[in-house]
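Take a look at the structure shown here.

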There are 2 protein chains.
Amino acid sequence: MKRQRIAITMGDASGVGPEIIAKLFLREDVDSLADIFVIGDLFPMLSAQRRTSKKLSIKPVEDVKKSGHEKNVIPLLDMKALHMDDYTVGEAGARAGKASFIYLKKAIELALSGKIDAIVTAPINKHALHMAGLSYPGHTEILAKFTGTKNYAMMLLSDRLKVVLATIHTSIKSVPGKLSAAGITKLLRLMDFSLKRDFGIEKPSIAVCALNPHAGENGAFGREEEDIIAPGIKKARAAGVRADGPYPADTIFDRVVNHSSHDAVLAMYHDQGLIPLKLLSFDTGVNVTLGLPIIRTSPDHGTAYDIAGTGAAKDGSLYEALKTAMIMAKNRDK
Amino acid sequence: MKRQRIAITMGDASGVGPEIIAKLFLREDVDSLADIFVIGDLFPMLSAQRRTSKKLSIKPVEDVKKSGHEKNVIPLLDMKALHMDDYTVGEAGARAGKASFIYLKKAIELALSGKIDAIVTAPINKHALHMAGLSYPGHTEILAKFTGTKNYAMMLLSDRLKVVLATIHTSIKSVPGKLSAAGITKLLRLMDFSLKRDFGIEKPSIAVCALNPHAGENGAFGREEEDIIAPGIKKARAAGVRADGPYPADTIFDRVVNHSSHDAVLAMYHDQGLIPLKLLSFDTGVNVTLGLPIIRTSPDHGTAYDIAGTGAAKDGSLYEALKTAMIMAKNRDK
């Protein structure tokens with residue numbers, strides 16, 4: 001099997017990105033997995049390396065095609081976007097925000113040109129991006145824009161559960177108005193496509209959550225099941241997608257997680273999908289952008305400014321993101 | 001310690017109640033736990049006993065004060081409310097609905113007069129009650145009415161999690177409009193009272209869920225946290241309740257369940273509380289009515305007409321309901 005080459009973007013220098021990357025390179029098996037290098041800046045990486053372990057060292061990457069792999073050595077493609085005084089650990093800042101955008105754009109460019117097999121992104125911060133005049137809500141939208149992707153979705157996954165959200169960062173009150181049958185069909189088709197291409201599941205099956213408790217009990221409390229979700233599923237099934245539901249959300253996760261009833265779940269809103277995922281796999285959740293021409297995964301946590309620099313942040317989620325990226329790259333290679 | 005006396009109401013004869021009760025009496029330890037008897041009808045119990053095991057027998061209870069306990073013997077207080085042809089297993093019917101109400105009323109009467117220490121209720125069916133001209137949505141409202149209780153709430157619990165719901169059987173769309181600061185304060189005070197009295201927790205702590213994802217992110221998607229939930233918590237705290245939050249719902253359950261951060265959770269809507277509970281403890285969830293002068297627990301499932309009579313129903317949840325009732329009775333006795 002061909003050895004994979006994977007870039008990890010450093011994310012926001014003021015957040016936990018640099019230190020979880022340093023912790024990752026302390027792991028015994030990381031050098032054996034793939035040729036992994038970091039796209040970031042020297043100052044924050046040096047600072048994180050020193051705080052993490054004397055065993056670690058940093059080595060500049062001159063040619064990404066030859067980044068190599070040595071135990072406890074962090075290969076760094078230094079974007080020289082930040083000086084020592086350009087950022088403060090634990091605080092959102094325009095320069096670190098801008099720099100995080102530069103790392104990501106470089107990674108996208110390398111992935112699109114085939115020089116790397118996948119991107120794993122350490123956390124960036126929306127407020128820092130805004131301070132830098134970049135009005136993206138997060139990674140996903142930047143990735144979509146610079147890869148020219150119109151149809152994409154976020155999947156959160158762990159070894160126990162794969163879940164896609166029909167709505168994300170929006171109030172509970174606004175959720176019903178944001179659901180549409182066409183949107184659900186589109187998501188189900190994208191999930192089906194990606195479960196095959198990226199996860200190697202030949203005939204994927206998808207469970208769709210209801211919006212209301214007890215799936216609305218035949219319209220007694222809510223009609224979105226009949227009016228929106230069921231028609232959305234029906235159209236997806238007509239297109240060959242093995243989607244079932246809508247199921248009452250309080251019982252379907254037990255069936256999927258404990259009885260393997262389906263390969264993935266489409267949840268109607270943020271907490272519906274993330275309560276079970278984080279309960280089962282708090283420190284190991286992975287975020288994947290479905291629908292991109294390139295592969296991108298990330299840990300499912302943010303910059304965590306409140307603990308940045310303290311060494312408290314764990315690299316479990318980043319490690320799982322790396323392994324997920326490898327699985328996806330292997331499946332796409334087939 | 002005084003031996004406890006507990007009545008199990010048979011619930012709807014057409015549902016799984018009789019058969020899960022029969023299974024319960026097959027357990028090795030049940031006769032040793034307490035003096036337990038069933039309030040129900042002979043025909044459905046005989047039928048369930050025959051389908052379940054030859055080891056079981058049924059013995060009429062003449063005097064509830066002397067119901068006794070023998071291995072694999074089901075003591076039955078026969079209410080003679082149903083004849084053989086009065087009900088069909090698997091179908092809602094007026095007579096079985098009426099009978100289920102009669103068993104419950106008898107149990108309430110016995111509990112109020114101190115003849116029994118607790119009631120465990122097998123499932124009844126809302127539609128069957130309606131067919132009998134009884135317009136109660138469920139056990140809770142009947143118990144509240146006949147004990148004269150104004151301030152009550154449903155708690156769902158397992159060995160991993162205790163959760164109370166601020167709204168229950170209502171559409172997601174209607175949830176925000178049903179929340180109020182005063183309602184949240186009232187629930188928190190009731191939870192505090194009951195965690196002390198019924199569960200013996202000296203200084204209970206309660207985590208309150210946010211309604212919106214990320215707790216609304218400072219009002220960016222939803223203001224119910226600032227306008228309703230936080231003021232409700234504040235008033236409860238002023239009254240001496242150790243309540244914290246509102247917390248983002250996707251992370252608080254991990255903290256409570258895996259890190260014991262709080263003794264119980266107040267969830268804003270049905271699925272928010274029941275997704276984690278059923279994921280962790282699908283067959284062992286227990287429903288408790290807080291605030292009653294008497295003790296009442298039940299399994300957290302319904303009549304399950306679709307599997308009634310097949311023997312597929314499990315008695316795990318009923319067994320846990322029995323043990324929870326015993327714990328509550330012991331704590332109230334102190």
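## A buried cysteine

A:Cys209 is buried, with a relative accessible area of 0%. B:Cys209 is buried too, and its relative accessible area is also 0%. Keep in mind that this is a predicted model.

How many disulfides are there over all chains? The count is zero. A:Cys209 takes part in none, and the nearest cysteine sulfur, in B:Cys209, is 17 Å away. A disulfide needs two cysteine sulfur atoms within 2.5 Å. The sulfur of B:Cys209 has its closest cysteine sulfur in A:Cys209, and at 17 Å that is too far for a bond.

## Two chains, one axis

Two copies of a chain are related by a rotation about an axis and a shift along it. The same surface serves both copies: of the contact residues of chain A, 100% recur in chain B.

## Helix α6 of chain A

Which residues of helix α6 of chain A are buried? The helix covers residues 139-147, and its buried residues are A:His139, A:Thr140, A:Ile142, A:Leu143, A:Ala144 and A:Thr147.

These buried residues pack against other elements of chain A. Among them are α4 (94-112) and α5 (126-131). The strands β5 (118-121), β11 (286-290) and β12 (296-299) of chain A are packed against as well.

What comes just after α6(A)? There, A:Gly148 takes a positive phi of about 65°.

Terms used:
Residues numbered from 1 in each chain as written. Chains lettered and ligands numbered in written order. Predicted model: local features only at pLDDT ≥ 70, side-chain atom pairs only at ≥ 80, totals over all residues. Heavy atoms only, no water. Contact = heavy atoms within 4.5 Å. Buried < 20%, exposed > 50% of the residue type's maximum accessible area, 1.4 Å probe, protein only. Helix = DSSP H or I, 4+ residues; strand = E, 2+ residues; numbered from the N terminus.
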